[in-house]
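Here are my notes on this model, point by point. Please keep the structure open while you read.

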Amino acid sequence: MDAAAADLEARQLRILRRVADLELAAQQHRLGALSISAAPSGGEAETGATEARLSSILTARGVLDFTFRRVPADYYDRPLEERRDLLRADSVNQLCKSIVMVNTQAAADVVDCSNPKNSKYYVVVVQYMARLNADSIKNFIYSLNEKQIPKKRFNMRLAPEEESLKLTGFVHNAVTCIGMETDIPVIIDEAITKLDKDFFWLGGGEVDLKLGVRTSQFLNAFKPFVVKCS
């Protein structure tokens, strides 16, 4: 075989290998094989500090099916359908947010999050398309305390932005319930746990970083309160 023929054969083999790699990647995407590598491979953007930190927390908790995606700066100016497509989510129903709520009527001695059953603050994970029902959260916490605390001591409201930043360490539109500065009890809307796909998206710690995670693994790892609150 002359040099030209050998070179042609080598190029054909490289093309065939590339086609095979693309077919495998497409198949994995269809199957929803969502995973994250321990270290970035050649040619990929280096993992940022926030992504690396949250990945470490997730894997330490036994969460293996998760992924991060960067989004454009105008992400929040776009309709939910475009956000869904940017994240390659199955439905807009999977797009969720983490909201810090404060009990404005808590007793004077309830000043922190040391008691998950009667915390000053809660982080609520709810779908973007849903309407949060604060009264449902109030009623849940009241029942959680076996009605031993007067109902008037519960009044859940959105925490001020600066308070949310101090508690979580995350700015507006970047808040996630994973890796917060404070160990705030987490409430997840029951509707998210009943989605057809066992997967949802939430903030990733930076405004342009989003985190997708397997719902069942998230529930097992973080043990949030599951409440019908929308």
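1. Arg78 has a relative accessible area of 24%, so in this predicted model it counts as partly exposed. Its side chain meets that of Asp74 in a salt bridge, at 3.1 Å from N to O. Asp74 is also partly exposed, because its relative accessibility is 31%. Arg78 forms a salt bridge with Glu82 too, with the closest N and O atoms 3.6 Å apart. Glu82, at 36% relative accessibility, is again partly exposed.

2. The structure holds eight salt bridges. One of them joins Arg70 and Glu206, whose closest N and O atoms are 2.7 Å apart. Arg70 sits in strand 1 (residues 66-70) and Glu206 in strand 6, so this pair ties together parts 136 residues apart in sequence. Both ends are partly exposed: Arg70 at 43%, Glu206 at 23%. Asp208 joins Arg70 and Glu206 in a network of salt bridges.

3. Look next at Val207, in the loop between strand 6 (199-206) and strand 7 (209-214). Val207 is partly exposed, at 37% relative accessibility. With Leu165 and Val171, Val207 forms a nonpolar surface patch; together they have about 210 Å² of accessible area.

4. The second largest pocket holds about 500 Å³ of space. It is lined by 28 residues, and Lys97, Ser98, Ile99, His172 and Asn173 are the closest to its centre. Strand 2 (96-103), helix 5 (161-168) and strand 6 each give two or more residues to the lining. Strand 2 has the largest share, with six residues. By type, the lining divides into 20 nonpolar, five polar and three charged residues.

How values were computed: Residues are numbered from 1 along each chain as its sequence is written. This is a predicted model: local features need pLDDT of at least 70, side-chain atom pairs count only at pLDDT 80 or more; totals for chains, interfaces and linings use all residues. Side-chain values use heavy atoms; hydrogens and water are left out. Patches are made of residues with over 30% relative accessible area and no salt bridge: like charges are joined within 9 Å, nonpolar side chains (Val, Leu, Ile, Met, Phe, Trp, Tyr) within 5 Å. Accessible areas come from the Shrake-Rupley method with a 1.4 Å probe; for residues, only the protein chains shown count as cover. A salt bridge is a side-chain nitrogen of Lys or Arg within 4 Å of a carboxyl oxygen of Asp or Glu. Helices (H or I, at least four residues) and strands (E, at least two) are DSSP runs, numbered from the N terminus. Buried means under 20% relative accessible area, exposed over 50%, partly exposed in between (1.4 Å probe, protein chains only). On a 1 Å grid over the protein atoms alone, a cavity is a set of points where a 1.4 Å probe fits but cannot get out, and a pocket is an open set with protein on both sides within 12 Å along at least five of seven lines; lining residues have an atom within 4 Å of a point. Grid points are joined across faces, edges and corners, and a volume is the space filled by probe spheres set on the points. Ala, Val, Leu, Ile, Met, Phe, Trp, Tyr, Cys and Pro count as nonpolar, Asp, Glu, Lys and Arg as charged, and the others, Gly among them, as polar.
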